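Work through the exercises below with the sequence and the model at hand, and try each task before reading its solution.

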Amino acid sequence: MTLQIYNTMTREKEKFVPVEPDKVNMYVCGPTVYDYIHIGNARPVIFFDVVRAYLEDRGYAVNYVVNFTDVDDKLIRKAEAMDTTVQEVAEKFIAAYYEDLEGLGVEKATLNPRVTENMDDIVAFIGELVETGHAYPSGGDVYFRTSSFEEYGKLSRQNLDQLQFGIRIEVDARKENQEDFVLWKGVKPGEIFWESPWGPGRPGWHIECSAMARRYLGDTLDIHGGGQDLQFPHHECEIAQSECLTGHPLSNYWMHNGYVNIDNEKMSKSLGNGITVQDLRGRYKKEALRYFVLSTHYRNPLNFSQDNMQQALNSVERIENAVAGVHHRLGAATDASGGVTPTLRVKLDAVLNDFYAKMDDDFNTPDAVTALFEWVNEANLVLRGEVARKADLDALLEAFAKMNAVLRVAAEPGAELLDEEVEALIAERVEARKTKNWSRSDEIRDLLAERGIALEDTPQGMRWRRK
């Protein structure tokens, strides 16, 4: 099997060949940490987590970098609104981001570099662009000279003439050309700043990713990912900056996930229809959220609705019921003789081959999920038999574990909690809510839900029951 990746740069599926054998350097643009992440952010968070997991499953050592933009105009405005510092705003929402990762069943990246911790590299990067004629200081700012990079617009298939005609750009007398973009912003009164050869200020948005990707992953990445909305201008500007400086491709493979709609309408601040991950994980289990995202191909639009989420919940329940049934029968299995039934072995091999073939085809998670349901059908056939052989049950669980290790759309059944353990956890959750320790409250709720405990608020207080 050969992994094929759709490359946004070439608009074709290409055989994946990393720069170094058995190693993958992957950079995905991370959040600007001025607020809680929303469902639009959750899609790349979950999808590229699966990409990393699948590459590791194939034997690659993956160096996965996701940056934090911890200083920009939004953070400055938020700090003013909260009457606090930019640093404190960033710390608050980075902590919230990590809580959301856990609530989505997502592993942390190998590294989450911050802009404020890489300022020397950013300033040095800009300095090299100025020295080589690709950037120029003007009025306390520094701008990238887009005319110095003939391929500007190659990712989004636009050229400078099209950009000049098709984009309304506010005229700025400090720029040589209105398509030039800022690398360094001179400080304004009351703003946070760093010293530089061009005066005090802070970096523009695009330069930070170029500098940090180069520092932590080298001149050429294997995979650069992000949302479709980042193709232009963000990734286009990254390419121009980096390739002018290094003379090498910034990334060999570009991957972009599609937009997220809410009830078939584009998600936007103007419509006020955004949904935070914090809200979602309070309403849905992590496996259902992952299933919902992965049931649509990553390059296609994804539509969030109550109906679609209910379908995701139902599907996850069907998978988990089959897994729980196999575990239950395994605990009572008496026929330990012989190996796996030959017909079951053939069927399970076919399921796994189908799963890997779909994942090798540009990470086709919807069809990979279909393969998982083929496993559910085989499991249910075994469970309907009067006698289930231990070897067959073990083989079923082994096949399931391989697929679920990549997708993580179903929870393994845990040991059943004793009544007194449930009561103790509920008492701890009540106390956590009194002290507004929401993260611990949510953690306990999720733990109880995973163990099959449903909580009910009544006039007499909290009650619980086993599902």
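A crossing is left-handed if the near helix is turned anticlockwise from the far one by less than a right angle, and right-handed if clockwise. The model is predicted, with local features needing pLDDT of at least 70 and side-chain atom pairs counting only at pLDDT 80 or more, while totals for chains, interfaces and linings use all residues. Residues are numbered from 1 along each chain as its sequence is written, and side-chain values use heavy atoms, with hydrogens and water left out.

**Exercise 1.** Describe how helix H9 and helix H10 cross.

Solution. Helices are DSSP runs (H or I, at least four residues), numbered from the N terminus. The axes, which are lines fitted to C-alpha atoms over the stretch in contact, with angles from 0 to 180 degrees between N-to-C directions, come within 8 Å for H9 (residues 286-294) and H10 (residues 306-332), and cross at roughly 115 degrees. H9 and H10 are therefore roughly perpendicular to each other (65 to 115 degrees), and their crossing is right-handed.

**Exercise 2.** Describe the crossing of helix H4 and helix H7, and find which residues meet there.

Solution. The axes of H4 (residues 119-131) and H7 (residues 231-246) come within 10 Å and cross at roughly 65 degrees, so that these helices, too, are roughly perpendicular to each other, although the crossing of H4 and H7 is left-handed. In contact (heavy atoms within 4.5 Å) are Phe125, Glu128 and Leu129 of H4 with Gln241, Ser242, Cys244 and Leu245 of H7.

Technical notes:
Helix = DSSP H or I, 4+ residues; strand = E, 2+ residues; numbered from the N terminus. Parallel < 35°, antiparallel > 145°, perpendicular 65-115°, else oblique.
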